[in-house]
Amino acid sequence: MRTSGRHVLADLCYLGDVNELAARIARRLGYDVLASPKVGEAKNIEGVKFIPRIEVRRASFWGAGDVDGVRVLIVESKEDLKSYTRLSGKVDSVRVVFDSLGDVSKDFVRRVIGLGAPLEIEFSEVVKRVWAGKPLDYYLLFLRLYARRKTKVYVCSGATDPSEMVHPTAMFSLLAVLGLPEDLAMKAVLKTPAEMVVNAT
Amino acid sequence: MLLEVLVAVSLVVSLISLYLSFRSWLRVRKVIAVVRGVLATKRTKMLRPRKRYLIFEVVAVSGDLSRVRKPGVEDALESSCRLLYGVLGYSTIKPSLIYYDESRGVGILSFRHSWRSNVFLLLSLIREIGGVKVIVIPRATTGTRRKAMDYVRKV
């Protein structure tokens, strides 16, 4: 299971409490960095670095200030990516909330590609959709775009509790099961998050 | 004397030629196998099912690890597999818990090699065994049971 390799292993959406248990479990799973919205500034607990995850919406984007951390743009409607060129370089990643989005047009996809920021795929959300029998069409669309090198994608756990954290191999397997080539799946789990951590800190 | 020398030389030459022809036959056989493999499309290829042995570790997040028993692990594996991949998937993957150390929480799971990713995904979805919140961490995959047991002894 050589998932760690030379890269810094990072889970960029840990949504649970930041404490020693979370750090210990993260360490067991091989993570070096966790990004959490419950952290104001970077701190180290039991050898695991917790960095801030700043979730910003289009309406409040310009008032969010300049804070060190992973800046994630939450896209809930097609309007959120209008005049995307102004956002380019100011966000580290994009998270699309598919439930509130409805149908997407080619124009929306063009904007996502034009923004150039990696797209976030939450492991727990995909699994919830699978258990609920909901379609994974949008995820497959973005994975197809990623496979054609149009955009970048990374996977994070979306854990709200230490017991919901997942091993990087599981994330890699999810992408592989969804049909992504193994090298690209590996990149989405290891390389892209590591690059984002370096840029954010 | 001359006759004996000639016989010996011819014997040596024939032995060398036999060795060379055998070596070239092996090479040609290898090339033919490679060419056949390249020409064979996915439709004509039917992979021989091989077993893989996955060494995993159960980590208790809340609760006591000693309450996680082998039957509980087997049940969790079977129910998750059936739920995620259905009856057909379950019988194709054929996961079976061949070893589980209850004191350390280390186990060996065997499955069909072509379902590796599916098994990793399956393990990550097991969150509770016997009322204990757990995380199942895959440690290594081996091709033989003996190597898997060696790995377990080293862990």
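I began with chain B, where an open sheet of five strands has the order 2-3-1-5-4 with antiparallel pairing; strands here are DSSP E runs of at least two residues and helices H or I runs of at least four, numbered from the N terminus, and two strands pair if DSSP finds at least two bridges between them. I noted that strand 2 (96-101) and strand 4 (128-129) of chain B are the edge strands, each pairing on one side only.

The model is predicted, with local features needing pLDDT of at least 70 and side-chain atom pairs counting only at pLDDT 80 or more, while totals for chains, interfaces and linings use all residues. Residues are numbered from 1 along each chain as its sequence is written, and chains are lettered from A and ligands numbered from 1 in the order in which they are written.

I then looked up strand 1 (residues 51-62) of chain B, which nine bridges join to the antiparallel strand 5 (residues 132-142) of chain B; F56(B) has P138(B) as its bridge partner in strand 5 of chain B.

Turning to the interface, I found 16 residues of chain A in contact with 15 residues of chain B, contact meaning that C-beta atoms, placed from the backbone, lie within 7 Å. Helix 1 (20-29) and helix 6 (168-177) of chain A are the elements that give two or more residues to the side of chain A touching chain B, and helix 6 of chain A supplies the largest share, six residues.

Last, I checked M171(A), which, leaving aside neighbours within four places in sequence, is in contact with F123(A), V155(A), V166(A) and V189(A).

Note on methods: Contact = placed C-beta atoms within 7 Å.
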